[in-house]
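Good morning, and thank you for coming.

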Amino acid sequence: MITVQRSNKHFSIAIFALIIATLFVCSVAGAQEREGGRRMLTFTEFLLFPRVWLSVLVGIGGGILLNIYKIKSWLRMILLALVFVLFAVLPVFNAIVFFARLAPHPSPMCAFAKPIMFSLEMQQLVVPPVFAGVLAVIALLSIVGNKLFCGWVCPIGALQEIFYLLPNRLKKVRFPFYVVNSLRIGLLVLFIPLLIRFGVYVYGYFNPFEILHWPFDTDFWALYAWAVTGIMIILSLFIYRPFCHIMCPIGALTWLLEHIAVVRIRLREDKCNHCGLCTKESPCFGMKSILERKRIRPDCYACGKCIAVCPSRALEFSIK
């Protein structure tokens, strides 16, 4: 009981820090910008959108659940389905302003890539306030709690994990982390050179976020977007979050932030009986490194599987 109370206290401090940081960022947000005579949303205005504050609530809520409750696979699937409906389905009904402002556009992928493309084209740093807002929310959530954005808020991440959790007889595949992470970091490093030298927007060729525009026409790029998403879904049946681990630049950036996250999965060595069940059952790459307390470790998407299966309650989502 004392441990839970202390963990809750620490988590409350982390929540307070997130709120203070957000207010600070708002207070120093840039002035309004104009494009084609139309006023663009300011950074502060965007942070007041339902999409933003609901993302924060969902992410923090997921962290609190991990801190106080063992999340079973069926509950995890329901929560992920609700996230997908909230940020990917309800925005389709955009005649309702509240729903329209839940739309995940610009997507995390575009929020990362498009400012770089704009800056290279205009030969000066250009980060539209809305794009900056998306990146700020992702960064703040990822620092407050390990992968709280990727693991609990991102609709594409949710879609992949839902299909992974579906009951099937397919053998689950887990590639060595250094292989998949090398591909992900390699794409990140090559992104700018390929754009400058050949004009190739490499992430545009496998961006599943495009389906969140729900393109139902029959032109090539609409069909291509659905094909990319279909391949991702098929891979997700036996590979845990393949797009997140292998291609997503935001996944790579939040992996770096994961190492300074305030709240994360931690081991209480005095309770561990070394049964190995967490390593066997967890879909993430990072479980072995967590047990060995390594400084550099693979992604942990805060799914809670390791906590749920641990018979001795040796794992917890906390500060210490």
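I begin with a definition: a residue is called buried when its relative accessible area is under 20%, exposed when that area is over 50%, and partly exposed in between, using a 1.4 Å probe and protein chains only. This is a predicted model, in which local features need pLDDT of at least 70 and side-chain atom pairs count only at pLDDT 80 or more, while totals for chains, interfaces and linings use all residues. Residues are numbered from 1 along each chain as its sequence is written, and side-chain values use heavy atoms, with hydrogens and water left out.

Helices and strands are DSSP runs numbered from the N terminus, with helices being H or I of at least four residues and strands being E of at least two. Consider helix α7, residues 129-144. Its 16 residues reach 22 Å from the first C-alpha to the last, close to the 22 Å expected at 1.5 Å a residue; the expected span is 1.5 Å times one less than the number of residues. Among the buried residues are Pro-129, Phe-131, Gly-133, Val-134 and Leu-141.

We turn to the strands. Two strands pair if DSSP finds at least two bridges between them. Strand β3, residues 264-267, pairs with β4 in the antiparallel sense over four bridges, and Leu-267 stands opposite Leu-315 in β4. In a regular strand the side chains alternate between the two faces of the sheet. In β4, residues 315-318, Leu-315 and Phe-317 point one way and Glu-316 and Ser-318 the other, and all are buried.

Next, the cysteines. How many disulfides does a search of the whole structure find? The search finds zero, where a disulfide is a pair of cysteine sulfur atoms within 2.5 Å. Cys-300 is in no disulfide, and the nearest cysteine sulfur, that of Cys-284, is 4.8 Å away. Cys-300 is buried, with a relative accessible area of 6%, and Cys-110 counts as buried at 13%.

On a 1 Å grid over the protein atoms alone, a cavity is a set of points where a 1.4 Å probe fits but cannot get out, and a pocket is an open set with protein on both sides within 12 Å along at least five of seven lines; lining residues have an atom within 4 Å of a point. The whole structure has three cavities of 30 Å³ or more.

The largest cavity holds about 150 Å³ of space. Of its 15 lining residues, those closest to the centre are Arg-51, Ser-55, Val-134, Phe-149 and Val-153. Helices α3 (50-68) and α7 each supply at least two residues of this lining.

The second largest cavity holds about 70 Å³. It is lined by 13 residues, and Cys-150, Cys-154, Cys-244, Cys-248 and Gly-251 lie nearest its centre.

The largest pocket has about 470 Å³ of space. Of the 28 residues that line this pocket, Tyr-164, Leu-165, Lys-172, Glu-281 and Pro-283 are the closest to its centre. The elements giving two or more residues to the lining are α4 (73-89), α9 (155-165), α12 (242-246) and α14 (277-281).

Thank you for your attention.

Key. Points joined across faces, edges and corners; volume = space filled by probe spheres on them.
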